[in-house]
Amino acid sequence: MSATPDAPLIKDATELLVRAVERKTGWVVSEIVRDKLLRILQGQPGDTVMRWVEQLVEMPQDRPEWLAIVENFTVHETFFFRDWPQLEQLQRHIIPELIRAAEGNRRSLRLLSAGCATGEEAYSLAMLALEALKQRNGTVWTPDNVLVPDQGWSLELLGTDLARPALIQAERGLYYDGPGLSSFRQFLPAYDFWFETIPNTPHAPRQRQIKSALRDLIEFRWCNLVVGMPPGTPPFDVAACRNVLIYLTPAARQKVLATLAASVRPGGWLLLGPTDRIDDPSLWEAVRSESTVVYRRKG
Ligand SMILES: C[S@@+](CC[C@H](N)C(=O)[O-])C[C@H]1O[C@@H](n2cnc3c(N)ncnc32)[C@H](O)[C@@H]1O
């Protein structure tokens with residue numbers, strides 16, 4: 001593309017926008033995305049683009065215009081039962097231990113999926129927690145063939161993300177189950193009963209929806225983890241923040257880890273992505289098994 005007289009102004013506007021995205025979300029914006037943005041903006045009048053960017057970067061972070069831009073920078077890749085060795089550790093050891101400890105008193109479990117994208121992780125956590133509760137007679141089957149907490153147990157789950165469209169899909173719990181990289185690529189058939197099959201339409205073939213009993217257990221909320229959890233959120237027994245930190249700058253990673261440390265109660269657990277590590281051992285104890293590592297909150 002040959003340079004136009006406005007090219008330097010467009011380049012400055014692009015940089016301003018990219019820096020604002022990095023500052024507000026903590027993401028590392030790759031050269032590929034930067035160049036793509038520059039190519040999209042080239043050809044527009046430079047002063048119009050600059051004015052638009054200047055207005056955008058001043059907007060509150062939850063304004064639709066800003067969120068629409070942010071949406072184009074992020075990756076929402078996710079699927080049910082992702083990183084199974086870690087979830088197996090959760091189901092076989094961590095949740096049963098939490099249940100045993102809570103049996104004699106408050107009979108509640110609080111789980112967080114931070115950076116939940118379209119919700120598959122939050123639903124996976126809920127299915128596994130209910131299965132573990134079932135093993136301790138803490139659930140009952142309803143007439144429409146789902147498990148609900150029983151015997152005074154309460155299960156609370158919060159899913160949070162920075163992307164509103166992803167959260168809307170999470171709330172609907174509606175997923176494509178066809179060939180290719182679907183949400184069901186590593187699904188465990190034992191949990192099929194949690195889904196209704198939706199009749200095919202030309203625009204939406206092969207969809208399955210989470211039954212309402214499970215959807216009702218989970219609250220999905222917008223939240224920027226770099227800034228903190230929504231005020232008044234009580235601490236969790238387990239927080240999963242998987243495959244989020246890899247997209248962040250080192251400074252943003254530290255802020256998100258501080259958010260997580262404040263969100264997990266002492267003795268509670270943190271699950272990170274397979275390539276994430278916590279180097280500072282003052283707040284977390286790393287608990288290793290053959291194939292995975294999980295972190296226990298000290299204090
Ligand atoms: C790759 S997905 C991971 C989804 C799921 N946790 C998993 O492991 O399958 C990363 C998600 O983190 C969200 N995210 C990134 N930065 C965030 C931030 N600062 N605050 C909240 N969510 C963020 C993105 O919007 C995206 O949906």
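A salt bridge is a side-chain nitrogen of Lys or Arg within 4 Å of a carboxyl oxygen of Asp or Glu. The model is predicted: local features need pLDDT of at least 70 and side-chain atom pairs count only at pLDDT 80 or more, while totals for chains, interfaces and linings use all residues. Residues are numbered from 1 along each chain as its sequence is written, and side-chain values use heavy atoms, with hydrogens and water left out.

**Domains and their interface**

The chain is assigned domain 1 (7-71) and domain 2 (84-297), with bounds that come from an automatic or database domain assignment. Their centres, taken over C-alpha atoms, are 32 Å apart. In the contact (heavy atoms within 4.5 Å), domain 1 takes part with 10 residues and domain 2 with 12 residues. Buried area here is the accessible area (1.4 Å probe) that two parts lose on being put together, summed over both.

| Item between domain 1 and domain 2 | Value |
|---|---|
| Buried area | about 910 Å² |
| Share of that area from carbon and sulfur atoms | 61% |
| Salt bridges | zero |
| Residue pairs in polar contact (both at pLDDT 80 or more) | four residue pairs |

A polar contact is a pair of N or O atoms within 3.5 Å; within protein, one must be able to donate a hydrogen and the other to accept it, and residues adjacent in sequence count only if both atoms are side-chain atoms. On the side of domain 1 that touches domain 2, helix 1 (7-25) and helix 4 (64-71) are the elements that give two or more residues. Helix 4 gives the most, with three residues. Helices (H or I, at least four residues) and strands (E, at least two) are DSSP runs, numbered from the N terminus. G26, L67 and E71 supply 39% of the area that domain 1 buries against domain 2, more than any other three residues.

**Salt bridges**

The structure holds 17 salt bridges. In one of them, the side chains of R34 and E15 meet at 2.8 Å, N to O. R34 belongs to helix 2 (residues 31-41) and E15 to helix 1, so this pair ties together parts that are 19 residues apart in sequence.

Three strands form an open antiparallel sheet in the order 5-7-6; two strands pair if DSSP finds at least two bridges between them. Strand 5 (174-176) and strand 6 (195-198) are at the edges with a single partner strand each, so one side of each has no neighbour in the sheet. Strand 6 pairs with strand 7 (residues 207-210) over four bridges. F195 has I210, in strand 7, as its bridge partner.
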